[in-house]
Amino acid sequence: MAHNCKKCEDSGFVLVEIDGVFYSKPCSCQETERATKLLETSNVPEKYRNKCVLSRFIVPEDNPSLKEAYEIAKKYSEDYPVFEESKPNGLLFMGPCGVGKTHLAVGILNEIFFKKKSPAKFVELNELYREIRSTYGNADTTEYDLLYPFAEAELLVIDEIGCLSSQWSQEILHYLISHRYNKNLPTILTTNYLDDAQNGEPSLTERIGTRTRSRLYEMCRTVHMYGDDFRKRRKP
Ligand SMILES: Nc1ncnc2c1ncn2[C@@H]1O[C@H](COP(=O)(O)OP(=O)(O)O)[C@@H](O)[C@H]1O
Ligand SMILES: [Mg+2]
Ligand SMILES: [Zn+2]
């Protein structure tokens with residue numbers, strides 16, 4: 001049978017000779033395997049895994065906000081896990097649908113898995129709410145069981161905050177955010193809602209509540225992204 005890795009024939013080790021003596025050392029394929037495992041356990045949906053990488057983010061020359069957002073994402077992943085003291089250790093990507101917020105957030109995670117070999121988690125809020133609802137009436141899994149791994153993750157991406165605005169959904173988000181705030185854990189978030197909402201649109205504060213928004217001001221650098229929906233932009 002063919003081996004996946006020709007160097008170590010899938011043993012995970014290679015022999016190196018130093019002064020006539022052979023030593024075994026971990027093969028380079030193990031590093032990739034480790035990163036792949038980190039990605040697999042991160043809860044990043046399959047559809048984003050290979051697509052949303054920083055190297056595949058097209059930086060439009062005529063859109064400074066996207067250029068800056070890309071630079072911030074790149075620098076964040078390069079500096080991680082070191083943060084400047086007294087500065088927020090998280091990011092909040094804010095902007096309309098399709099500008100690339102999720103792409104950049106997942107892009108950072110991919111860099112951290114493959115370059116830093118460090119764990120992180122991803123959660124899409126709508127999906128989490130759905131899963132939590134499914135635990136009600138189920139004695140084996142509690143809401144807390146579902147939330148805790150995200151609350152405690154070394155680095156967490158929360159995609160689409162504000163997607164629901166009921167008191168129930170605000171409480172769940174508040175639990176996650178305040179837990180991470182108290183432990184100073186880095187968090188990256190995305191939202192379609194703006195602070196200075198116009199045309200009768202609700203603001204982010206209205207969607208997630210004042211307490212959570214004010215925590216996020218301390219936890220995250222806000223990254224504004226403007227522009228057209230990328231899916232439409234590409235069409236001739
Ligand atoms: N600048 C970009 N370069 C390449 N692909 C992009 C870019 N911006 C968005 N996309 C792609 O367009 C789609 C929508 O982007 P996404 O990040 O999901 O938007 P948002 O989260 O802001 O709604 C995704 O498939 C994403 O990979
Ligand atoms: Mg998105
Ligand atoms: Zn190998």
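**Group meeting: a walk through a predicted model**

Let me begin with the domains: the domain assignment of the chain, which is automatic or comes from a database, gives domain 1, residues 12-41, and domain 2, residues 44-233. Before I go on, please keep in mind that this is a predicted model, in which local features need pLDDT of at least 70 and side-chain atom pairs count only at pLDDT 80 or more, while totals for chains, interfaces and linings use all residues. Residues are numbered from 1 along each chain as its sequence is written, and chains are lettered from A and ligands numbered from 1 in the order in which they are written.

The centres of the two domains, taken over C-alpha atoms, are 34 Å apart. Five residues of domain 1 are in contact with six residues of domain 2, where contact means that the C-beta atoms of two residues, placed from the backbone, lie within 7 Å. On the side of domain 1 that touches domain 2 there are three nonpolar, no polar and two charged residues; here Ala, Val, Leu, Ile, Met, Phe, Trp, Tyr, Cys and Pro count as nonpolar, Asp, Glu, Lys and Arg as charged, and the others, Gly among them, as polar.

Now the chain as a whole. It has ten helices and seven strands, which are DSSP runs numbered from the N terminus (helices are H or I with at least four residues, strands are E with at least two). The C-alpha trace spans about 75 × 55 × 40 Å along its principal axes. Of the 236 residues, 30% are buried, and a residue is called buried if 20 or more other C-beta atoms, placed from the backbone, lie within 10 Å of its own, exposed if there are 12 or fewer, and partly exposed in between.

What surrounds ligand 1? There are 15 residues around ligand 1, and the closest are Gly100, Lys101, Thr102, His103 and Phe230; a residue belongs here if its C-beta atom, placed from the backbone, lies within 6 Å of the ligand. Helix H4 (101-116) and helix H10 (230-233) are the elements that give two or more residues to this shell, and H4 gives the most, with three. By class, the shell has six nonpolar, five polar and four charged residues.

Next, a look at one pair of helices. Leu147, Phe150 and Ala151 in H6 meet Tyr175, Leu176, His179 and Arg180 in H7, and by class this contact has five nonpolar, one polar and one charged residues.

Let me finish with some single residues. Threonine 205 lies in helix H8 (residues 204-208) and counts as partly exposed because it has 17 C-beta neighbours inside 10 Å. Leaving aside residues up to four places away in sequence, threonine 205 touches Asp195, Thr210 and Arg213.

Most residues other than glycine have a negative phi, and most peptide bonds are trans. With that in mind, look at asparagine 43, whose phi is positive, near 75°, and which is found in the loop between helix H1 (28-40) and helix H2 (46-49). Serine 86, in the loop between H3 and S3, also has a positive phi, of about 70°, and serine 86 is exposed because 5 other C-beta atoms lie within 10 Å. Proline 81 is likewise found in the loop between helix H3 (64-79) and strand S3 (90-94), and a cis peptide bond, with omega about 5°, joins tyrosine 80 and proline 81.
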